[in-house]
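Dear colleague,

A summary of what was found follows directly after them.

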Amino acid sequence: MEFTIVSGLSGAGKSKVATLLEDMGFYCVDNMPVQLIPKFAEMCLSSQGKYDRVALVTDVRAGQDFGGLFESLALLKAMNCEYKIIFLEAKTEVIVSRYKETRRRHPLWVEGETIEQTIAKEWNTLEPVRMGADYVINTTSLSTNQLRDMLSELFSGAARARSMVVMISSFGFKYGLPTDSDLVFDVRFLPNPYHIEELRHLTGHDDRVYNFVLDWPQTKEFVGILTHMMEFLLPHYVEEGKTSLVVSIGCTGGRHRSVTIARVLHEVVEKLGYHSVLSHRDVARG
């Protein structure tokens, strides 16, 4: 039986993950008290395959002691029930924004406390769960499709041995740095197609821009260095237990050089045997 625990910060996307896992064939239960987990697992194990893929969402909404979660998980192991823990997190400012948009009240909020203080309190409560998680997913800038891709990679029957997902995104420095980046590469030193009249209105998706950027000796040298760096870094990140890596490639406007190099890096990472999700934050901006 495939048994998955989904936990994490309120507002980080646990309900969305449960919905996506349900689409993948999991039987999902939201907000289950941790004390009931072993009994539920026992029922699933005796169901003769009816519940062979199960995901349980458990978090602070029930005001529960998360020390009890690990007691329940120890009982699962005693029952020979294997499990995985997914932990969802996001930047504090993003969670604050999500709560403002939905106008919902944080489950741990008390009168006289700011939402930032409440989130910090939740972080402290959930830290042991995060430390024990098999997969930590930061949803700060993930789209639903990207989140679905990550879950598919982690839980598909033909999942790759190297389970880390590399999120590669181009961006424009003039619009600000991405807040969730693990690695940022500045490619503003490369020749800029913006200064070529016939290329200015195009983007790195166009072969003319792509070829212009890659034809320069400094670009070829940089791509070689970047390739060797990925060959070195990615296995070490996997060994360290990282399940997602966010790599951001920036140029001035996020339309030409960064898009081109992000495309190249996406191909490099895929050839190295890792799953890569490619996106372009600012390519549609003027």
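**Pockets, cavity and ring contacts**

The residues that line the largest pocket divide by class into 5 nonpolar, 8 polar and 7 charged. Please note that the model is a predicted one. The space in this largest pocket is about 480 Å³. Its lining comprises 20 residues, of which Gly11, Ala12, Gly13, Lys14 and Ser15 are the closest to the centre. Two or more lining residues come from each of α1 (14–23), α4 and α6 (144–155), and α4 gives the most, with 4 residues.

Helix α4 covers residues 92–102, and Val94, Ile95, Val96 and Tyr99 within this helix are buried. The cover over the buried residues of α4 includes α5 (115–131).

At least two lining residues are supplied by each of α5, β5 and β8; β5 gives the most, with 3 residues. By class, this second lining holds 5 nonpolar, 5 polar and 7 charged residues.

A search for cavities of 30 Å³ or more gives a count of 1. The largest cavity contains about 40 Å³ of space, and its lining consists of Ile137, Asn138, Leu142, Met150, Met167, Ser244 and Val246. Both β5 (135–138) and β8 (244–251) supply at least two residues of that lining. The cavity lining has 5 nonpolar and 2 polar residues, with no charged ones.

Turning to the aromatic residues, the whole structure contains 6 aromatic pairs. One of them joins phenylalanine 189 and phenylalanine 222; the ring centres are 5.3 Å apart and the planes stand at 80°, so the pair is edge-to-face. Phenylalanine 189 belongs to the loop between β7 (183–186) and α7 (207–214), whereas phenylalanine 222 belongs to helix α8 (residues 217–240), so the pair ties together parts that are 33 residues apart in sequence. Are these two partners buried or exposed? Phenylalanine 189 has 45% relative accessibility and therefore counts as partly exposed, while phenylalanine 222, at 14%, counts as buried. Elsewhere, ring pairs link Tyr27, Phe40 and Tyr51 into a cluster.

Two arginines also lie over ring faces. Arginine 188 is placed over the face of phenylalanine 173, at 3.7 Å from the ring centre, and arginine 285 over the face of tyrosine 175, at 4.1 Å from the ring centre.

Helix α8 also contains glycine 224, which counts as partly exposed because its relative accessibility is 26%. From C-alpha to C-alpha, glycine 224 lies 38 Å from glycine 8, and the two are 216 residues apart in sequence.

Finally, some values for the chain as a whole. The protein chain has 9 helices and 9 strands, and its C-alpha trace spans about 65 × 50 × 30 Å along the principal axes. Of its 286 residues, 49% are buried. Among contacts between residues at least 6 apart in sequence, 79% join residues at least 24 apart.

With kind regards

Definitions and conventions. Residues are numbered from 1 along each chain as its sequence is written. This is a predicted model: local features need pLDDT of at least 70, side-chain atom pairs count only at pLDDT 80 or more; totals for chains, interfaces and linings use all residues. Side-chain values use heavy atoms; hydrogens and water are left out. Buried means under 20% relative accessible area, exposed over 50%, partly exposed in between (1.4 Å probe, protein chains only). Contact means heavy atoms within 4.5 Å. Rings of Phe, Tyr and Trp (its six-membered ring) pair if their centres lie within 6.5 Å; planes under 30 degrees apart count as stacked, over 60 as edge-to-face and the rest as tilted. A charge sits over a ring if NZ of Lys or CZ of Arg is within 6 Å of the ring centre and within 35 degrees of the ring normal. On a 1 Å grid over the protein atoms alone, a cavity is a set of points where a 1.4 Å probe fits but cannot get out, and a pocket is an open set with protein on both sides within 12 Å along at least five of seven lines; lining residues have an atom within 4 Å of a point. Grid points are joined across faces, edges and corners, and a volume is the space filled by probe spheres set on the points. Ala, Val, Leu, Ile, Met, Phe, Trp, Tyr, Cys and Pro count as nonpolar, Asp, Glu, Lys and Arg as charged, and the others, Gly among them, as polar.
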